[in-house]
Amino acid sequence: MASGFEILGMHRHKEHRVDFMDWAPGARYCALVGDFNGWSPTENAAREGHFGHDDYGYWFIILEDKLREGEKPDELYFQQYNYVDDYDKGDSGVTIEEVFKKANDEYWEPGEDRFIKNRFELPAKLYERLFGPNGPQTIEELGEIPDAETRYKAWKELHKDDPPSNLPPFDVIDNGKEYDIFNIVADPAWQEKFRAKKPPLPYWIETRKGRKAWLKKYTPAIPHGSKYRVYFNTPDGPLERVPAWATFVQPDAEGKQAYAIHWEPPPEFTYKWKNIAPKVPKSLRIYECHVGISGSEPKISSFSDFTEKVLPHVKEAGYNAIQFIGIVEHKDYFTVGYRATNLFAVSSRYGTPEDFKRLVDEAHGLGLLVLLDIVHSYSAADEMVGLSRFDGSNDCYFHSGKRGYHKHWGTRMFKYGDLDVLHFLLSNLNWWISEYKIDGFQFHSLASMLYTHNGFASFTGDLEEYCNQYVDKDALMFLILANEILHALHPNIITIAEDATFYPGLCEPTSQGGLGFDYYVNLSASEMWSSLLESTPDHEWSMSKIISTLLGNRHYADKMLIYAENHNQSISGGRSLAEILLRQGPHSKELLLRGSSLHKMIKLITFTVGGRGYLNFMGNEFGHPKRIEFPMPSNNFSFSLANRCWDLLENEGVYRDLFCFDKDLMKLDENERVLSRGLPNIHHVNDANMVISYIRGPLLFIFNFHPTDSYERYCVGVDEAGEYQ
C-alpha cells in the first residue's frame, strides 16, 4: 500500500530495458512521448490486452534498449545487467554454458537434476501409457483406474529390490483414518541436508553482465536527462500529461508545456550517502526555512547555496532540526510551494535530486533532523502539469463536482476513499523517506481535508462539531493509515499535525482510536502575539489570555509545538514581530530599546511555557526587518523582498543582539532540558499588575509586561524555599 514507487513511474529493469507504469482509468490509449522518440505517440505505446492495461486503469509500457550496430543479441533470453558502480566490471568472459556446467558439477548431486534437465519425462510417460499405441483404445479397455494408495503400494512392491538411490527417500504412512489424509515422511538426515542447501542464486548472478558490457552492446531506450510526457487518448480527445509518479519535473519551461525529466545519472554522478540520521531528541528546536528565499541576493537560491551558507548558521544558532517548506515541485513560485503539482519530485528551480540528497546528508552530518512540510490536504488545480483531470476525467484523483474544489482557494480536493488515491498518497510519504532519508513530516492544513467546509466554520469546542456530517471520514482514515504505516515502517519517524481546529485524538495512538500524530502545532500563539502588537495597546494586554493561549490544550501540552511567529505572518501579507516592534520613528532609540526588549520577552515566554517543541522561521531569530513578498504580477515579478538580509549579523547592533539572545535560548534547553521537563507550574498570573510567574524544572521565570511600572519587593510563591538567581 505504501511502496507503489517501486513499480510505478519510470524504472530501469535488469533485463536491458526501462519499464513505465501509471494510473489513468479514464484513458483508452497510453503512450510515452519525448525527445528520445521524436514526440511520437505511436512508437512507445502500451500493448493491447492485459499485457499493457489491466482492469483497474494501470498502464504498462516497456522501452527496450536498442542493440548497437554490429552487436549480436544476448545468448540468454533473460540476460540481466548490473547498472550500478559496484558491479561495473563488464563481461567476465564466462559463457552461459560454462556457468550452467559449473552449477551442475558443483551444486547438483547425481540424480537431483534429472527432472530439471528432462522436465517432460514424467508427463510424457504418463501420456504414452494412457494414450500411446500400446495403451487402451476404448473406455472399456481403460478399465477402472486404481486409487492413489493402491497405485503407490503397487509401485513400492515393484521397486522393493532396487539398489539404493540418491533421490529423496520419501515414504507415505497411512494411519488408517477414514478421510484421505496421508503423512509424508523422509529420512531425517536427508531432510536436514536439503534444508541447509541454499538456492543456486550465485550461479544465476554470475550470468549477469556489468554496466560496461551493457553500454557496449546497447543504446539506452531513454537516456538520462531526456524530456518526456505521457500521452493519453480519452473520450474527449488526446492529452499529454506529466506522469503522476515523475521524480524530476520542469513545470514551466519558458512558457511551454511542462515535461518530466528522466533522472538516471551514471553511477559516478549519483550521490553517495555519508552520514546517518541523528537520534530523535526529547525536545525539538525546529528551524523552518524556504530554500528559494534563503540567499541574500534578489534571486532564487539553490540547494547548494543553502548547504554551503545556511546549514552552518542553523547549527551555530543551536537548533536540532530543520523543516523545509516548498520543496515538493510546484508550478507557481509565489504559492510558496503549497499548491504542489508533482508530489514525487523535488522542485527543479532549486537544483537536482542529487543536490537535495547532499543537503539532507550534510544536515545529518551536523546533527540536524530534516523534516518536510507535506501538502496532502489539497492539490494544485493546474491541468497541464498537475493531477487535475489527469486522464481527462474530473474524478481520477479528486472528488467530482463542488466537493472536488476548495471553497476559498480553488485547489483540488483528494478522493481519500479511493484505494488507488490512498496508494498514491501513502507511497508518496514512504518515497521521501526511502529516497531522500527524510526524518519526518508536518502535515499542512489538516482542517482543509478533515471537513467538507474546509475548516472555514466557527468552532466552539463542542464535540458535535467534530462528529457531524461535515467531517470527511475517508480523510480521517487516510491520516490514521499514514501514521500507522509510517511508524511501522520507520519507528523513528516524526509526524506533526497542523490543525487549527485541534481535532479530538489528534495525538492519541491509533491503537486507542486516535490519529497517531507525535506532535501538533499551536497556531493560536503566533496569531495572538501578532494581534496584541497590531491592535491592542500595551497596557490592555491580558496576562490570563497569554497563558491560556500558550498552554493550548493542557491534556496534550507535552505534544505541542509552538511558534512565537510563523512564516504566514511574513508571507501572507502580514508583518513579522520585528517589523512591528523595531520600526523607526522620531524617538528611534527608545523605540528600538522597547521593541528589542519586548521581542525577547515574547520569545522567552513562548519558548518556556510551550510544549516539547519550538519552531522559528528563517530570519526571525535575529528579527528580520522586512516582510517576504514573492515575485508576482502585482510587484512586477520583483525579487527585492524574496530574500534574507544575513548581512545584518555581521555588525554589532540590535539584530546581532537578538540573534545572541535566541542562541542563548537554544543553549538553555540544551543545558537545562527546559522543553522536555513537562508542563510549567504557573503559580502567579496578575492581570492588574501585568505580571506572570512560573517554574519549569529548576528555573523560576518572572515577567513584567507593564509598559511603565516596575516593582520592588514583589512577592510570588514558589514550590521550594531557597535562593534563586
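**Exercise 1. The sheet β23-β24-β25**

Work out which strands stand at the edges of the open three-stranded sheet in this predicted model, and why one side of each is left without a neighbour.

*Solution.* Start with the strand order, which is β23-β24-β25, with antiparallel pairing. Next, look at the ends of that order: β23 (681–686) and β25 (699–704) each have a single partner strand, so one side of each has no neighbour in the sheet. Finally, check how the strands lie against each other: neighbours are turned by 10° on average, with direction ignored.

**Exercise 2. A strand pair and the helices on the sheet**

Find how many bridges join β23 and β24, and which helices pack on the sheet.

*Solution.* Begin with the pair itself: β23 and β24 (residues 691–696) run antiparallel and share five bridges. To get your bearings within the pair, locate His684, which stands opposite Ser693 in β24. Now turn to the helices. Helix α15 (residues 543–551) packs on the sheet and touches β23 and β24; the direction of α15 makes about 155° with that of β23. Helix α18 (residues 588–609) also packs there, touching β23, β24 and β25, and its direction makes about 40° with that of β24.

**Exercise 3. The partner of α15**

Decide how α14 and α15 are oriented to each other, and describe their contact by residue class.

*Solution.* First take the geometry: the axes of α14 (residues 524–535) and α15 come within 8 Å and cross at roughly 155°. Angles over 145 degrees count as roughly antiparallel, so α14 is roughly antiparallel to α15. Then collect the residues. From α14 come Ser524, Ala525, Met528, Trp529 and Leu532, while α15 supplies Lys545, Ile546, Thr549 and Leu550. Sorted by class, this contact has six nonpolar, two polar and one charged residues.

**Exercise 4. A hairpin and an arginine**

Describe the hairpin of β1 and β2, then settle this: is Arg17 buried or exposed?

*Solution.* Let's go to the strands first: β1 (residues 9–13) and β2 (residues 17–23) pair in the antiparallel sense over five bridges. Within this pair, Met10 stands opposite Phe20 in β2. Three residues separate the two strands of the hairpin, and His16 in the turn has a positive phi of about 40°.

Now for Arg17, which is found in β2. Its relative accessibility is 15%, and buried means under 20%, so Arg17 counts as buried. To see what surrounds Arg17, leave aside neighbours within four places in sequence: the contacts are His11, Arg12, Ile62, Leu63, Glu64, Asp65 and Tyr83.

How values were computed:
Residues are numbered from 1 along each chain as its sequence is written. This is a predicted model: local features need pLDDT of at least 70, side-chain atom pairs count only at pLDDT 80 or more; totals for chains, interfaces and linings use all residues. Side-chain values use heavy atoms; hydrogens and water are left out. Two strands pair if DSSP finds at least two bridges between them. Helices (H or I, at least four residues) and strands (E, at least two) are DSSP runs, numbered from the N terminus. Axes are lines fitted to C-alpha atoms, for helices over the stretch in contact, and angles run from 0 to 180 degrees between N-to-C directions. Contact means heavy atoms within 4.5 Å. Buried means under 20% relative accessible area, exposed over 50%, partly exposed in between (1.4 Å probe, protein chains only). Angles under 35 degrees count as roughly parallel, over 145 as roughly antiparallel, 65 to 115 as roughly perpendicular and the rest as oblique. Ala, Val, Leu, Ile, Met, Phe, Trp, Tyr, Cys and Pro count as nonpolar, Asp, Glu, Lys and Arg as charged, and the others, Gly among them, as polar.
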